[in-house]
Amino acid sequence: MFDPRTLPADLEAVREEHAPNALVFDVAGDFDTVPPAAAENLGLVVDSLSPATYPDEWLPADAPEALRLYASSDFTIGMPGDGTVTWTRQTDPSVVLVKYRAKGTPDDFLDFLIAEALVQSGLDDVPEHFLPFFGEEYCALAEATPLDGTDVYQIAAALYEGWVGLQTRDVFESWEGEHDRLYDAWVDSGERLDDRLADLPRLVATGRTSFAEATEFACSAIKHGRDLPAPFAALDTSAYLEYGPTYAVRWAEKTFDRLTEARDARDATDERV
């Protein structure tokens with residue numbers, strides 16, 4: 001199921017600099033979460049496995065079942081929303097997994113995604129998933145977000161990605177003149193976000209995009225250093241980088257308070273009309 005992937009020279013250089021011991025595999029099947037029995041096959045190609053577990057108290061009552069399984073003692077690699085490439089430190093050494101869905105992805109962009117995973121996995125202070133990032137604050141985020149458990153999951157995953165992006169984009173920017181192919185893929189994929197970013201508030205206001213989807217899109221743009229519209233621009237700050245989950249929860253509280261105020265104002269106007 002796991003086949004070693006041959007890396008081009010620029011990706012080898014990124015691995016050597018950021019995660020020199022990491023192993024990169026192509027996965028024969030597609031997945032959101034690798035089935036535990038299949039994931040345990042990684043034990044044949046790594047030195048050891050250390051499945052992560054997290055307290056039940058971190059999970060709100062309506063947390064998706066996939067998140068409950070992730071928090072349990074089951075050996076869980078990959079989660080919904082991880083994208084085409086994912087990584088884990090539940091193995092020693094860490095591994096980067098390229099999903100089967102990568103077939104057909106342009107080579108330069110796919111190699112950027114692999115490089116991104118290598119950079120992220122080499123950041124010792126960055127957990128591999130939003131649950132250990134938020135910890136007990138995840139329940140506070142759910143309370144601040146008047147949406148169902150699936151939407152809260154999507155928002156939490158997006159907020160985590162934005163926080164990680166604040167730490168990685170300087171690395172990507174530094175590749176200009178050194179790893180130009182990867183740098184160009186980073187720039188190009190960022191520029192492709194601009195038109196929709198500018199239209200994001202209107203799409204949410206007209207119901208064409210949910211707030212969770214908008215948060216996911218905006219936070220994905222942070223790693224590219226793009227200009228974000230309100231209220232997402234408040235996440236592209238040094239304060240978010242410093243205070244992490246506490247800041248994210250406060251951002252959610254303030255944002256939904258303002259959304260409620262705006263909705264109430266519209267309803268009052270409609271009644272007068």
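Okay, let's start with a contact: R181 and D108 form a salt bridge, with the closest N and O atoms 2.8 Å apart. By salt bridge I mean a side-chain nitrogen of Lys or Arg within 4 Å of a carboxyl oxygen of Asp or Glu. R181 sits in helix α8 and D108 in helix α4, so this pair ties together parts that are 73 residues apart in sequence. Helices here are DSSP runs of H or I with at least four residues, strands are E runs of at least two, and both are numbered from the N terminus.

Quick caveat before I go on: this is a predicted model, where local features need pLDDT of at least 70 and side-chain atom pairs count only at pLDDT 80 or more, while totals for chains, interfaces and linings use all residues. Numbering runs from 1 along each chain as its sequence is written, and side-chain values use heavy atoms, with hydrogens and water left out.

Back to R181. What other salt bridge does R181 make? One with D111, at 2.9 Å, N to O. That pair also links distant parts of the chain, R181 in α8 and D111 in α4, 70 residues apart. On accessibility, D111 is buried at 8% relative accessible area, whereas R181 is partly exposed at 25% and D108 is partly exposed at 36%. The cut-offs: buried is under 20% relative accessible area, exposed is over 50%, and partly exposed is in between, with a 1.4 Å probe and protein chains only.

Now a local one: D199 and R202 form a salt bridge, closest N and O atoms 2.6 Å apart. They're 3 residues apart in helix α9, residues 194-205, so about one helical turn separates them. D199 is partly exposed at 25%, and R202 likewise counts as partly exposed, at 41%. As for shared partners, salt bridges join D10, D108, D111 and R181 into one network. The whole-structure search finds 14 salt bridges.

On to aromatics: the search of the whole structure turns up 20 pairs. One of them is Y54 with Y70, stacked, 5.7 Å centre to centre and 20° between the planes. Y54 is in the loop between β3 (48-49) and α3 (65-71), and Y70 is in α3, so the pair ties together parts 16 residues apart in sequence. Both tyrosines, Y54 and Y70, are buried. For pairing, ring centres of Phe, Tyr or Trp (its six-membered ring) lie within 6.5 Å; planes under 30 degrees apart are stacked, over 60 edge-to-face, the rest tilted. There's also one aromatic cluster, made of F130, F133, F134, Y138, Y153, Y160 and W163.
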